[in-house]
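Q: I have a structure open and would like to talk it through step by step. Could you help me read it?

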4 protein chains.
Amino acid sequence: MSKVKVCVVGYGTIGTRLADGAAKQGDMELVGVADVAPTLQVRALHESGMPYPLYLVDMGRKAAFDALGIPVAGSLDDLLEQVDVVLDATPAGVGAKNKELYRKHGVKAIFQGGEKDEVADVFFHGYANYEKGLGQRFLKLTSCNTTGLIRAVDAVDRLVGVEKIAITIIRRVADPGDTHRGLVDLLKVDKVPSHQAVDLMHIMPHVKATGLLVHTPVTHGHIINVVATPKKSVSVEAVLETFRAHPRMRVVRIEDGFDSNTAFFKYARELGNKRGDMYEIGVWEECVAKSGEDVMFAINIPQEAVTIPETVDGVRACMEMQRDRLEAVGLTNRYLGLVPRP
Amino acid sequence: MSKVKVCVVGYGTIGTRLADGAAKQGDMELVGVADVAPTLQVRALHESGMPYPLYLVDMGRKAAFDALGIPVAGSLDDLLEQVDVVLDATPAGVGAKNKELYRKHGVKAIFQGGEKDEVADVFFHGYANYEKGLGQRFLKLTSCNTTGLIRAVDAVDRLVGVEKIAITIIRRVADPGDTHRGLVDLLKVDKVPSHQAVDLMHIMPHVKATGLLVHTPVTHGHIINVVATPKKSVSVEAVLETFRAHPRMRVVRIEDGFDSNTAFFKYARELGNKRGDMYEIGVWEECVAKSGEDVMFAINIPQEAVTIPETVDGVRACMEMQRDRLEAVGLTNRYLGLVPRP
Amino acid sequence: MSKVKVCVVGYGTIGTRLADGAAKQGDMELVGVADVAPTLQVRALHESGMPYPLYLVDMGRKAAFDALGIPVAGSLDDLLEQVDVVLDATPAGVGAKNKELYRKHGVKAIFQGGEKDEVADVFFHGYANYEKGLGQRFLKLTSCNTTGLIRAVDAVDRLVGVEKIAITIIRRVADPGDTHRGLVDLLKVDKVPSHQAVDLMHIMPHVKATGLLVHTPVTHGHIINVVATPKKSVSVEAVLETFRAHPRMRVVRIEDGFDSNTAFFKYARELGNKRGDMYEIGVWEECVAKSGEDVMFAINIPQEAVTIPETVDGVRACMEMQRDRLEAVGLTNRYLGLVPRP
Amino acid sequence: MSKVKVCVVGYGTIGTRLADGAAKQGDMELVGVADVAPTLQVRALHESGMPYPLYLVDMGRKAAFDALGIPVAGSLDDLLEQVDVVLDATPAGVGAKNKELYRKHGVKAIFQGGEKDEVADVFFHGYANYEKGLGQRFLKLTSCNTTGLIRAVDAVDRLVGVEKIAITIIRRVADPGDTHRGLVDLLKVDKVPSHQAVDLMHIMPHVKATGLLVHTPVTHGHIINVVATPKKSVSVEAVLETFRAHPRMRVVRIEDGFDSNTAFFKYARELGNKRGDMYEIGVWEECVAKSGEDVMFAINIPQEAVTIPETVDGVRACMEMQRDRLEAVGLTNRYLGLVPRP
């Protein structure tokens, strides 16, 4: 079977990781990546020996690349001619503009969470609603927080059913190296409900959700504390077992040294993961508890990498590479090296 | 009626504020404050013209004060001879050692939350269990987070009854100017349940509580998101009305500019409050919501000043100045300028 | 002698402090303040009982103030009719637009550092070039960093002459409560030379200056480390004596507890200064040293309040209230309570 | 020629990187690493498949490793029997205690900057005083800031001679993931001169140095601004050429996106460097300038990895693997992939 051909448009924080994630899939071929300027990421691609061919969104700016000796494989149009699916990781709003181009070239596209819902035919999450993405033309992924949150809530929902959740999102406000946004010495609050709660209800309409979003001056991962009301009584241990069996979750213990969001980043750096990335969301064993019959648990969302697996799932869905949800996510997991860690 | 004579031992972050709070009470007399070294606070007291006489815990260190021209009114023993009640605001653990001295001088004492519960006859909160403090010799206040949390939960509890709460505490990790503690670019998590949930159950034994504590690198106030299960159905508006009527709570709106914990500090600085302090806990109107029949609300805890009113209440209780709870807290409020802001 | 009538346009971080600073001057009358919206500062003015009458820049927005019960004294035009000098503290760029209005009303104006130099007839610093402001119509103050830097460099220059300086500015990136700007976990660098070095050469053209500006994620004061080449050899002690004798400088010691920029803020809060403000720049005694014949010293710039005294000096200059530099700054200092602290 | 056998004692932030750095040297063999507890780093070593054998400092704690299935190759004594040189990266003060053990086993040792100078026969820097380390038994490396600083100052010194330097160190106060130290919203100052200036004079006694150290709440690299007085006039371009030709320095431009300390980290993550590490110090092209005849330049110190090359140089020196300085550092550079980037 020939490989599905994909490309990445927008080679930034998400785009670089999508490229690596797609390149690892044995049944996909990453044809190339496209961007507009010789950013730090493009310079690093060059210094790394151009593992992926680079295409330009705007050939009028080719001189800037030539001056630096960065080889250009062609234009975005050239790239789109060669692929089946585009992974669009451009800044919020640009994807919507690119959509016409994708339509013109007859390629499918998967947009990230920054785009408006209307850009896509279906609002997608690999684990929660894989079937809805089958054969669709334009998918939109959930945002990083929502992607991680749904992983955990979907797991409990498939175990005992979830009636409602009330969440507190402690959000990192910038990525490492961002100089265009930030907060100093304050916790910024947003109006309730946060969009993550609303988005979860879009993907999982049978669950009621509300939540508070608090922005904090950190960069290495969001933390979400979830108070979930299950449909049937469930023990802490049963929830933990479910989480441990999930290839995209990693249950750790504070007493082992995982005492912060940054601990996951530190650990992933030690593992030698590229960029210190982790695809899995984290769960602290000591932070799963009962509140009456409700279950409370805290998860860690590695905002830079968490949406990569579900985006790859999206390729499988829209191209109908696998029709079965578990078969699809299982293949994504295998190629990304994601295994349960009981 | 003669005034009740109080003093403050430990003139640090809490002690300075207790001194000011007690001095404002028309029916109390602040006899003096005691400390061990010419700290920044003591130097500022001096530069301000010694509004409160200063006593030394260790007269052997008097030379250091003499060298700076800071007048010393006497020893801690001299001070204790003149008072009815000590407000102990020494570092955690020192209060327990001081207790013998207080006993020797036959004075009552109110300890802060850093001491162990065993130091006191009763674990006290002015609004929630005033009656338990009546006539007692040694009281211990709840910690800053717990004090603020109980204010809000007690208010809802007296309205419709509270069955259980699940809380997420987003804790500021240092006070402004602290150089001996801090975190950088991380969110530290503690094991569930946090001590604040446990302490609340101690004061309000009819409520079940659990909670997660997350330490964040900020200095201007904790935020607690509370998911409360009421005994009777209650509307968001009824909860808000109760909060607005509470003299120690301040309901604000994000859209008016109160969009962070630090906004309260900024506002109190503008009001001309000494040190930019605020005694009230904050509530964001847009962050009170229902989750099924549960009520979710977020409160802001000004950690430096929040325990002052309840500590003053403690003087009223242990000295039996008022036997009625509402009469007592009402007087404290009046002298501190705390009024409902509907 | 009748008092000089001043008003403040733009009641934000600087404007609120200019109002208080002008109101303290025995020979000036603060007629009122003007703003555009019911900001936190305006709400606090209201809760404080309207110590200053409030005028509206845009009477079309009066309904918003009426709805809150905030009394409006009139329009900006009404205000300008009553004053001699405007202290313009509007956001950068707005002052330049307001200038025509000021010209129309025949009032003088003093702009803050955010405006472009062209807005003013003279780029002004009370201590360094008071004489240049005499009788001028439009003055522009130096920025907060430059104002504080020039205070110190001017003092050394008047002592022994300064040939050149090389500075490192460690800049706080936001004010407390700012949610519209910030950095997280990074030190941002700007191209050399920083504008503060260039601006200093504008005010003190006989001194050569260069410098590096590094933005840091803090809010309570900039630190500048200055390496100054004097024209004559000078001892550390002589420099310190000069600084101690300066009413707008405060020499402190790390070993006394002043171990950070925030320590000054903490101390000013204890003094009961409104908002915890300090007009003086700080100098750490243990951070003045020789490097060969160069003198190295570190100063602390309280960014929110530091320009207030020099702006008040500007009123004296442009209105020719005093023709002598030292007489003028001396009066400003006396009314602000600024005295040498040897 | 047989390889020199080395081991690492203390598998923490520095130890993990020393292990990787030594393992890359074609003429050295990393026999193993030793630690005391199943830390995050040891767990990651295990999850990575034990690329390096693990030895235990305290065999009494072996059960904890067995319980986790982490293979233990033997005791620290077993390890020391097999090696020529120990790279000691234990917490400050522990190295001094270990020294007796190293002496007992007749092995040489290289200590890190946290140890006191007395622990070693020579205070060592690969580029600045390689010859002093030849054949010595116990070396101590300079600290991370001093190591990077000396690289740059030594380069200018060898070009035109350096008479004196005055430095401003803007120090990151914690490493990513540290929960035991930190500052929040403040810039802490230390007494002048900082130890880095003093240490530089120890290694380069012909240069006079002083400096200010300011601690800042960030984690991704120190920045040092250097004002150097050269013995001969030198142009900015000549200094830049020297820096560009240095294999352990990386000259970048702010306008290319390297606008902060964290930008280097971000770039190294993109390069796929393990842990996002960079051995080189950074120099911002736009931050090299003249101040009269002085040269001012700002450098970035990647604190986690910067001492690795010089420590490896130390192995070469103490084992007399190369007698020539440039030959030695050149080999270290080659094995670490460090090349000039003009």
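Q: Which residues does B:Lys208 touch, leaving aside those up to four places away in sequence?
A: B:Lys208 touches A:Gly292, B:Glu163 and B:Lys164, where two residues are in contact if their C-beta atoms, placed from the backbone, lie within 7 Å. Please keep in mind that this is a predicted model, in which local features need pLDDT of at least 70, side-chain atom pairs count only at pLDDT 80 or more, and totals for chains, interfaces and linings use all residues. Residues are numbered from 1 along each chain as its sequence is written, and chains are lettered from A and ligands numbered from 1 in the order in which they are written.

Q: Where does B:Lys208 lie in chain B?
A: B:Lys208 lies in strand β11 of chain B, which covers residues 208-216. Helices (H or I, at least four residues) and strands (E, at least two) are DSSP runs, numbered from the N terminus.

Q: How far is B:Lys208 from B:Gly161?
A: From C-alpha to C-alpha the two are 12 Å apart in space, and in sequence B:Lys208 and B:Gly161 are 47 residues apart.

Q: One contact was in chain A, so how many residues meet between chains A and B?
A: 39 residues of chain A are in contact with 39 residues of chain B. Among the elements of chain A that each supply at least two residues to this side are β9 (162-172), α10 (261-271) and β14 (281-291). By class, the side of chain A that touches chain B has 19 nonpolar, 12 polar and eight charged residues. Here Ala, Val, Leu, Ile, Met, Phe, Trp, Tyr, Cys and Pro count as nonpolar, Asp, Glu, Lys and Arg as charged, and the others, Gly among them, as polar.

Q: What about chain D, how many of its residues are in contact with chain B?
A: 14 residues of chain D are in contact with 14 residues of chain B, and those on the chain D side divide into eight nonpolar, four polar and two charged.

Q: What rotation superposes chain D on chain B?
A: A rotation of 180° with 0.1 Å of shift along its axis does so, with an RMSD of 0.0 Å, when copies are superposed by least squares on the C-alpha atoms of residues with pLDDT of at least 70 in both. That is the relation of a two-fold axis. The same surface serves both copies, since 100% of the contact residues of chain D recur in chain B.

Q: Which residue of chain D comes closest to the rotation axis?
A: D:Gly182 does, with its C-alpha at 2.1 Å from the axis.

Q: Changing topic, how is chain A divided into domains?
A: Domain 1 of chain A takes 4-142 + 307-336, and domain 2 takes 144-301, with bounds that come from an automatic or database domain assignment. The contact between them takes 17 residues from domain 1 and 16 residues from domain 2. α11(A) gives the most to the domain 1 side, with four residues.

Q: How many helices and strands does chain A have?
A: There are 12 helices and 15 strands in chain A.
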